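Biologist: Could you take a close look at a single part of this structure for me, and then connect it to the rest? I would be glad to have the cut-offs along the way.

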2 protein chains.
Amino acid sequence: MKMVSENQENAGFIKNKWNLVKGLINKLVNAVIYAAKEAKKLAEDDPRRVVHSFKVGLAIILVSLFYYFDDPIYDGFGVSAMWAVITVVVVFEFSVGATLGKVVNRGIATLLGGSLGVGAHRLACFSGDKVEPILLGLSVLLIAAVVTFMRFHPKLKPRYDYGLMIFILTVSLICVSGYRDDEVLDIAYIRLSTVLIGGAASVFICAFIRPIWAGEELHNLTAANIEKLGIFLEGFAGEYFKSLERKDQEKTSLAEYKSVLNSKGTEESLVNFAKWEPRHGKFRYRQPWGQYLKIGAVTRECAYRIEALSGYLNSEMQTPMEIRAKIQELCTKMSTECSSALIELSAAIKKMTRATPADAHISNAKNASKNLKSLFKTSLWPDSDLVDIIPAVTVASLLIEIVCCTSQIADSVHELASLSKYKCPDDAMRQSHIGKEKILPTNGMEVSHNFSITVE
Amino acid sequence: MKMVSENQENAGFIKNKWNLVKGLINKLVNAVIYAAKEAKKLAEDDPRRVVHSFKVGLAIILVSLFYYFDDPIYDGFGVSAMWAVITVVVVFEFSVGATLGKVVNRGIATLLGGSLGVGAHRLACFSGDKVEPILLGLSVLLIAAVVTFMRFHPKLKPRYDYGLMIFILTVSLICVSGYRDDEVLDIAYIRLSTVLIGGAASVFICAFIRPIWAGEELHNLTAANIEKLGIFLEGFAGEYFKSLERKDQEKTSLAEYKSVLNSKGTEESLVNFAKWEPRHGKFRYRQPWGQYLKIGAVTRECAYRIEALSGYLNSEMQTPMEIRAKIQELCTKMSTECSSALIELSAAIKKMTRATPADAHISNAKNASKNLKSLFKTSLWPDSDLVDIIPAVTVASLLIEIVCCTSQIADSVHELASLSKYKCPDDAMRQSHIGKEKILPTNGMEVSHNFSITVE
């Protein structure tokens, strides 16, 4: 009996253990599956991420070769050769501009910081053995404090923050290690050359193996943001007047414009990166990166109006259908024409051509907004309460503002087109567009912009 | 004659040189004056910047003392002691949370990266002398690529990006330098302890000498943003109805709210920093940092409406004065009550008390918006064209939406108050407030929020 129960107990114990192990294995398998799914999603969202990851690994290996095989270099640099590896890891960024910016910052800061460190060290040498460390310490304190303070300056921060930090680093390292090792000049020289080797390897691999240009990212982001506003306006009228009987799943596509609201930071950092990049590929001329910021600003202005407009899609205050029907045609016209104009502008930016067809759409939208205003002037509304009209009137009035914003976006895109010397689309294509719209696009604006460049 | 002319030439030459030198000196003096002015402005904008700069210098000096005076430690660490200096320069940030986050990231990443590096090195040792570098190289490539890819994950990026980078750095350094120097374990140990010394010094100086807490910054930013909206609304009605005859220089103060539109990035990074900070000072309880993001989101929603509203301040479409006069009283009421509510809410956040007086203002604003709606119902406008009314009606309608937004802001602030267990303001003060407003604030909301916490 005892043995049987012992056997049972043992069996139960083993079963419990087995269950525990099974549970753990299950959890582990689930975690691995989760991680794999997340990784797959990350890679599918932007396949360039995978390429970038292997580029970083490759750059590290390339620089490590100095350690592995080149004995003369290794002997010359000693342990300092690891600075090349550190430089690669720290400096390698997603876009060429960001990498180049960091390399230039790091290189120049190491050069200047090294010179200052050596200078401070030489000066301190003239004092006695006891005073020297105190003098060096004080100068490091002062330099670190002054340069740290400089890092707060709004003009220096966006582009030179990293360089200022490396400057402090180099000065401190040389002043501090210099006290022991009297070959300060050698340290400074080795540090500079290892940083340059690491930086050169990073820039080389970043720029020549499937490069990602910040300028192109900015270019595409600007086009995509304008397109998102266009997509919202395309769907808005149908959604608001419920004429197209859209389904719920299509509603979600209308929320895409929301990312435009908070795009300022991304745009500014991309501009800062793009400024480091040389001319390349389709950006053959010096690009007017500042103009992209201007386009971004007016695009956001338009997005704020659209945000206010979107509040009326699911608002409690609803205008009765019969009143909405009165303004439906013109509002739909304004909305779709603005949408077409924005999508044309976006496509023109993408293709780097002049967006002449957009002007026709904007004229149409402006005409519709004029007609709407005159519709409001005629007394069509004596029998309806003002309270019923308000939401529809507000929607109409916001749409009128959006027409103005669209026109501003078009102006700034045209300005970009003449600053970057975009080509005109084929004359044949243009004719067919004009034929469709039956309104001649005004070219006056572009001429005046061309003029303003000559003056500049 | 010749000598005279030579003398004249010489005099002219000296004069030219002197002018050149004078010009250079002038330029130099101007540059110094400009720099000094900029520095003064930077320091006046935020005097803590000066303190922070000296704190950084102090931390570097403190860590350098290991070099200068402590021979046993220096001998133990060798050149690696500079890692402590590097850690200080790289890790010392403006706020305690940011510094602590970087130190924890760097510490843990160095520990894990060091372990993995040592492990990879031991494993590679079992293979032959020729295969070893290839195996090590491949493992570095693989680890670097996988971890670089992980850095793109949206959940890891905001808080652990720096740690992942240091992880790659440590693994590469140990694998690479390990090939030559067989005391890999020593390298890993020295690197970890120097990083810990540097990190500890940074955190100590950052947190104990006039600390700047990211949580407090976030708290103040949230309060300031709400206040800015309040200030705009305070001035708006007077500006729009031109009743107060404001001057141009006062108009500029109405543009302050614009910074709220793009505050999302700052708020998110402050939340990420604040999460690293321990409880301290007035934040005795675990703070619900996520709630600050919610408040920020509704504050921005309100700011977008205000942005749309501000377009009507200088709009071409102007409603005639007599029509505006009809809605002036109620619009002014809505605007000022919302303004008072927002300023109360902001003050309550600053003082960390419950914002009960704000509820009274919001009720008043809601009453005014109801009255406005019923004013629109009565036919006060038969003689006026709709086109004249539109801008005023849009302004009124945006103000009605702003009342809703204000109420949402109040809700989220009340939620924060109960999550962070804010105190009620003194009963006496509260009574006087209620007396003034003659409306009882509703406490129902807070009770329900208290309940929801219990459930959570």
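Modeller: Happy to! Helix 13 of chain A is mostly covered, with 17 of its 22 residues buried; buried means under 20% relative accessible area, exposed over 50% and partly exposed in between, using a 1.4 Å probe and protein chains only. This is a predicted model, in which local features need pLDDT of at least 70 and side-chain atom pairs count only at pLDDT 80 or more, while totals for chains, interfaces and linings use all residues. Residues are numbered from 1 along each chain as its sequence is written, chains are lettered from A and ligands numbered from 1 in the order in which they are written, and side-chain values use heavy atoms, leaving out hydrogens and water.

Helix 13 of chain A covers residues 289-310, and at 1.5 Å a residue it should span 32 Å, which agrees with the 31 Å between its end C-alpha atoms. The expected span is 1.5 Å times one less than the number of residues. Chain A has 18 helices and 0 strands, both being DSSP runs numbered from the N terminus (helices H or I, at least four residues; strands E, at least two). Of the 456 residues of chain A, 51% count as buried.

Now to the partner chain. Arg305(A) forms a salt bridge with Glu307(B), the closest N and O atoms being 3.8 Å apart; the rule asks for a side-chain nitrogen of Lys or Arg within 4 Å of a carboxyl oxygen of Asp or Glu. Across the interface of chain B and chain A, 2 salt bridges are found. The contact takes 76 residues from chain B and 76 residues from chain A, where contact means heavy atoms within 4.5 Å. Together the chains bury about 7200 Å², 73% of it on carbon and sulfur atoms; this is the accessible area (1.4 Å probe) that two parts lose on being put together, summed over both.

How are the copies related? A rotation of 180 degrees with 0.0 Å of shift along its axis superposes chain B on chain A, with an RMSD of 0.1 Å, by least squares on the C-alpha atoms of residues with pLDDT of at least 70 in both. That is the relation of a two-fold axis. The same surface serves both copies, as 100% of the contact residues of chain B recur in chain A.
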